[in-house]
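I'm opening my notebook to go through one protein chain piece by piece. Here is what I had on screen.

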Amino acid sequence: MARKPRHVSETPATAWLRARGLAFGEHPYDYVEHGGTAESARQLGVDEHQVVKTLVMQDERAQPLLVLMHGDRQVSTKALARAIGVKSVEPCSVEVAQRHSGYLVGGTSPFGTKKALPVFVEATVLELPRIWINGGRRGFLLSLDPTLLVSALQARAVGCAL
C-alpha cells in the first residue's frame, strides 16, 4: 500500500529556493535518531550515494564552512584543508553548527542558512543526475539537479571523499 503524501510546512530552505524560482521535489520520511543517510535512502528508495549530507565544519581560525558529501562517504579533513588552502578543518560542535546554520543537526540544509557560509561540494556529487539533500528539517529531503549547488550557492567542487 502506497504511503499517503504528507504535507510539509515551509522551511527556510524551501522558501529560499522558491524565492529564486528553483525547481525541487519534496520528500518527507520518518526521521530516525542516528539513522543518517542510510535510513533516509532506505525509506525513500534511493541509492545512499545520491543522498547528500550537509556538514558544518570550521577551519583553524574557527571560520565556518559547509561541506556537501555523498551519504555513503566520509570527508578527509586533510584533503579538504589542502583543497581550500587552510591549515586544518574539523567538524563544528553540535551547538556551534546550529548557531552558524540556523538548523538543528540532522536537519541542516545548505539553502537558507542563518549566515552566508562558503560551500564546498565533493566533485563527484556534481556528476549525479539528481541528488536528495536536506530540506531544513529532520525527516525531510529535497530532490534537485546537483548543478543548482554551483549556480545557486556558488559551491566550489573539491575532492575530499574517503
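**Ground rules.** I'm working with a predicted model, where local features need pLDDT of at least 70, side-chain atom pairs count only at pLDDT 80 or more, and totals for chains, interfaces and linings use all residues. Residues are numbered from 1 along each chain as its sequence is written, and side-chain values use heavy atoms, with hydrogens and water left out.

**Helix 4.** I went to helix 4, residues 94–101. Helices here are DSSP runs of H or I with at least four residues, strands are runs of E with at least two, and both are numbered from the N terminus. Which residues of helix 4 are buried? I found V96, A97, H100 and S101. Buried means under 20% relative accessible area, exposed means over 50%, and partly exposed is in between (1.4 Å probe, protein chains only). These four sit on the same side of helix 4, because they cover an arc of only 115° around the axis. That arc is taken from the directions from the helix axis to the C-beta atoms. I then looked at what they pack against, and noted strand 2 (51–59) and strand 3 (64–70). Contact means heavy atoms within 4.5 Å. Just after helix 4, G102 has a positive phi of about 85°.

**Helix 2.** In helix 2 (36–44), I listed T37, E39, S40, A41 and Q43 as buried. The buried residues of helix 2 pack against strand 2 and strand 7 (140–144). G45 follows helix 2 and has a positive phi, near 70°.

**Positive phi without glycine.** I also found H34 with a positive phi of about 65°, although it is not a glycine. H34 lies in the loop between strand 1 (25–28) and helix 2, and counts as exposed because its relative accessibility is 77%. A62 is not a glycine either, and has a positive phi of about 65°. I located A62 in the loop between strand 2 and strand 3; A62 is partly exposed, at 41% relative accessible area.

**The largest pocket.** Next I looked up the largest pocket, with about 790 Å³ of space. A pocket is found on a 1 Å grid over the protein atoms alone, as an open set of points where a 1.4 Å probe fits, with protein on both sides within 12 Å along at least five of seven lines; lining residues have an atom within 4 Å of a point. Grid points are joined across faces, edges and corners, and the volume is the space filled by probe spheres set on the points. I noted 32 lining residues, with K53, T54, L55, V105 and G106 nearest the centre. Helix 2, strand 2 and helix 4 each give two or more residues to the lining, and strand 2 gives the most, with 7.

**Helix 3.** I picked K78 in helix 3 (residues 77–84), which counts as exposed at 65% relative accessibility. K78 and V89 are 11 residues apart in sequence and 7.2 Å apart in space, C-alpha to C-alpha.

**Cysteines.** How many disulfides did I get? The count is 0, taking a disulfide as a pair of cysteine sulfur atoms within 2.5 Å. C92 is in no disulfide, as the nearest cysteine sulfur, that of C160, is 15 Å away. C92 is buried at 13% relative accessible area, and C160 is buried too, at 1% relative accessibility.
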